[in-house]
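Welcome! Please take a look at the structure below, and then we can walk through it together.

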Amino acid sequence: MKVEKTILTVSETAFMLNCSDQIIYRLIHARALRAYKDFGGRRWLIPEYSVTDYVESRMRDSVSMR
């Protein structure tokens, strides 16, 4: 997966993972996806490496279940 930005919003991450914003919030709160709040504390920001790590971990889990 190639990402052009290094920091993504919840909506951008949801679009990349083909899911809803609500799913991204759940992943953040479950600590499955690393994220942090912006300086005003209003919106979540997700580093590119966090999305990559999450996808890779899901792929590893999928392979190990076979």
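## Some ground rules

Let's start with how helix packing is described: axes are lines fitted to C-alpha atoms, for helices over the stretch in contact, and angles run from 0 to 180 degrees between N-to-C directions. Angles under 35 degrees count as roughly parallel, over 145 as roughly antiparallel, 65 to 115 as roughly perpendicular and the rest as oblique.

This is a predicted model, in which local features need pLDDT of at least 70, side-chain atom pairs count only at pLDDT 80 or more, and totals for chains, interfaces and linings use all residues. Residues are numbered from 1 along each chain as its sequence is written, and side-chain values use heavy atoms, with hydrogens and water left out.

## The whole chain

The protein chain has three helices and three strands. Here helices (H or I, at least four residues) and strands (E, at least two) are DSSP runs, numbered from the N terminus. Reading from the N terminus, the order of the elements is β-α-α-β-β-α. Taken along the principal axes, the C-alpha atoms fill a box of roughly 45 × 25 × 15 Å.

Of the 66 residues in the protein chain, 24% count as buried. Buried means under 20% relative accessible area, exposed over 50%, and partly exposed in between (1.4 Å probe, protein chains only). Another term we need is contact, which means heavy atoms within 4.5 Å. Among contacts between residues at least 6 apart in sequence, 38% join residues at least 24 apart.

## Helix α1 and its buried face

Which residues of α1 are buried? They are V10, T13 and A14. Seen down the axis of α1, these buried residues fall within an arc of 100°, so they line one face of the helix. The arc is that of the directions from the helix axis to the C-beta atoms. The buried residues of α1 pack against β1 (7-9), α2, β3 and α3.

T13 in helix α1 deserves a visit of its own. T13 counts as buried, at 0% relative accessibility. Its side chain reaches the backbone oxygen of T9 at 2.9 Å. Not counting residues up to four places away in sequence, T13 touches L8, I24, L33, I46 and V51.

## Helix α2 and its two sides

Now move along to helix α2 (residues 21-29), where I24, L27 and I28 are buried. Viewed down the axis of α2, its buried residues fall within an arc of 100°, so they line one face of the helix. On the other side of α2 you will find R26 and H29, which are exposed.

What covers the buried residues of α2? The cover includes α1 (10-17), β3 (44-47) and α3 (48-64).

## Where the two helices meet

How do α1 and α2 pack? Their angle is about 105°, with the axes 8 Å apart. The two helices are therefore roughly perpendicular to each other. On the α1 side of the meeting are V10, S11, T13, A14 and L17, and on the α2 side are D21, I24, Y25 and I28.

Sorted by class, this contact has six nonpolar, two polar and one charged residues. For these classes, Ala, Val, Leu, Ile, Met, Phe, Trp, Tyr, Cys and Pro count as nonpolar, Asp, Glu, Lys and Arg as charged, and the others, Gly among them, as polar.

## Two residues with positive phi

Let's look at the loops next. N18 sits in the loop between α1 and α2, and its phi is near 55°, a positive value in a residue other than glycine. N18 is exposed, with a relative accessible area of 72%.

R31 lies in the loop between α2 and β2 (36-37). The phi of R31 is near 65°, again a positive value in a residue other than glycine. At 75% relative accessibility, R31 counts as exposed.

To finish, visit helix α3, where S50 has its place. Is S50 buried or exposed? S50 counts as buried, at 2% relative accessibility. Leaving aside neighbours within four places in sequence, S50 is in contact with L33 and R34.

S57 is also in helix α3. S57 is partly exposed, with a relative accessible area of 22%. The C-alpha atoms of S57 and C19 are separated by 17 Å, and these residues are 38 residues apart along the chain.

Notes. A polar contact is a pair of N or O atoms within 3.5 Å; within protein, one must be able to donate a hydrogen and the other to accept it, and residues adjacent in sequence count only if both atoms are side-chain atoms.
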